[in-house]
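Subject: The structure we talked about

Hi there,

Here is the structure I promised to hand over. Have a look around in it, and then read on for what turned up.

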Amino acid sequence: VNITTINVRSGGMLTHSANTNTQTFALNFTVHNLTIETGGAINATGKGYTEDSGNGAGGNGEGIGSAGGAGYGGKGGNSDGTPQGGSSYGSITMPIDLGSGGGGGYGQANSGGTGGGAVFINVTGTLNVTGIIVSDGTNGGGSTYGAGGGAGGSIYIIANNFTGSGSINASGGGGKDESIADGGGGSGGRIAIYYATKTFNGIIQAFGGTATSPAKAGATGTIFQQQTGTNGELIIDNTRGDATAITPVNSSLGGNVVDIFNASSATIRGDFITVTNKTYFSSGIVYMDAKLNGTSNVTVFKDAVLTYTANSNFSINITAANMIIVFGGMINATGKGYAGGSATSAGSGPGGGAAGISCVSGQDGAGAGYGGKGGNSGAPNAGGSSYGSITVPIYLGSGGGGGGACAADTGGGGGGAVFI
């Protein structure tokens, strides 16, 4: 739709028709001026994918028990049983997808939460949001066995002048707390806002849906903002979610120049991400599976853990102007190097320890080497050799040898690689 001026007054609402298991409907319009007054709304809550559908559908609890929450901007929360939360998908910078539906609980049709819808608004003049723009997922339902929450949807805004004091929200629905088993929360959705000038001072959020332990809350979604002619700003704020809920920063952002704020419980992936202003890592686990380049000031706050996914393709690699690790914050690559050997296998890596070869005492797996030689376990099970550079250490630590056929123990993993 292409219109000159739209005023959404108190009690008024713009929305789109509900989708089912395919993406058919979205709210998409271009307007010169758009005002959403207090009490007015653009509302696509629950207009996304329905139960068990979408690219990030929560694990189905039918025939099993409780169900997983849906994923979109982050991973959906796991149920307290077998069904897992749905996966993350879609674009951080151009979000156009629907939020996925939560998994349905055992014996309860249509109990999974519905995902949020998709909203695209192009305002060539002034966007004034004093009311709300919302595309939340809905809560899981059911009885006895809780269903998973739906994921938040998409809100994609382009505005010349962005003002107001209202709220913009694409949060996930909660997992159902039930008497026998509980469902996982849906993840937050995705919000992207582009503007030339901005005086908006309201609330923008994409939180994950809640869950009752031992079920897990959904991960937070992504909020991307960019002023014309400047670097983008990515916010991953999991302050009300589960510290283990992961929000991947996917290849749609790789190579872009951004400022990352409040990254918590995230996975940052891609070839590299360049940051020129501030990078804040707050409480939670952040998997740095991409190089962080630029001239930014990096701060790792209390209870934040900077690490990476354990495999030989990744390391922590940060270039910054200044870096502060606050007391209680941590960069931790323990066990992120080469894998230890299985029961009868040597450890991985150039200095992998030999595997145990018999059930005789002293014939167990040998230690791995890197900065020095690994310890022998007993002849002929020699420890791994030393390797690498003293002055420019960039290699992963090698894995220890497996414990042998009788012990059936796996060798310890090597330490990872950190460059700052």
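Let's begin with a term: a residue counts as buried under 20% relative accessible area, as exposed over 50%, and as partly exposed in between. Please keep in mind that this is a predicted model.

With those cut-offs in hand, take Tyr338. Its relative accessible area is 24%, so Tyr338 is partly exposed. You will find Tyr338 in the loop between strand 22 (330-331) and strand 23 (418-419). Leu396 is 58 residues away from Tyr338 along the chain, yet the C-alpha atoms of these two are separated by 6.4 Å.

Now for the aromatic rings. How many aromatic pairs does a search of the whole structure find? There are 8 of them. One is formed by Phe162 and Phe200: the ring centres are 4.6 Å apart and the planes stand at 10°, so this pair is stacked, since planes under 30 degrees apart count that way. The pair links distant parts of the chain, as Phe162 belongs to strand 7 (residues 154-163) while Phe200 sits in the loop between strand 9 (190-198) and strand 10 (203-205), 38 residues apart.

A second pair to look at is Tyr194 with Phe224. Here the ring centres are 5.9 Å apart and the planes are at 55°, so the pair is tilted. Tyr194 lies in strand 9 and Phe224 in strand 11 (residues 222-227), so this pair ties together parts that are 30 residues apart in sequence. Both Tyr194 and Phe224 are buried. They also belong to one aromatic cluster, together with Phe120 and Tyr156.

Next, the strands. As a reminder, strands of a sheet pair through backbone hydrogen bonds, either parallel or antiparallel. Strand 3 (residues 27-36) and strand 5 (residues 118-129) pair in the parallel sense over 8 bridges, and Thr35 has Asn128 in strand 5 as its bridge partner. Strand 5 also pairs with strand 7, again in the parallel sense, over 9 bridges. There, Thr126 has Asn161 in strand 7 as its bridge partner.

There is also an open sheet of 5 strands, with parallel pairing and the order 2-4-6-8-10. Which strands stand at its edges? They are strand 2 (13-14) and strand 10; each has a single partner strand, so one side of each is left without a neighbour in the sheet. Within this order, strand 6 (residues 132-134) and strand 8 (residues 167-169) pair in the parallel sense over 3 bridges, with Ile132 opposite Ser167 in strand 8.

Strand 11 and strand 12 (residues 232-235) run antiparallel and are joined by 4 bridges, and Gln226 has Gly232 in strand 12 as its bridge partner. Between the two strands there are 4 residues, and Gly229 in this hairpin takes a positive phi near 80°.

Happy exploring!

Best wishes

Key. Residues are numbered from 1 along each chain as its sequence is written. This is a predicted model: local features need pLDDT of at least 70, side-chain atom pairs count only at pLDDT 80 or more; totals for chains, interfaces and linings use all residues. Side-chain values use heavy atoms; hydrogens and water are left out. Rings of Phe, Tyr and Trp (its six-membered ring) pair if their centres lie within 6.5 Å; planes under 30 degrees apart count as stacked, over 60 as edge-to-face and the rest as tilted. Buried means under 20% relative accessible area, exposed over 50%, partly exposed in between (1.4 Å probe, protein chains only). Two strands pair if DSSP finds at least two bridges between them.
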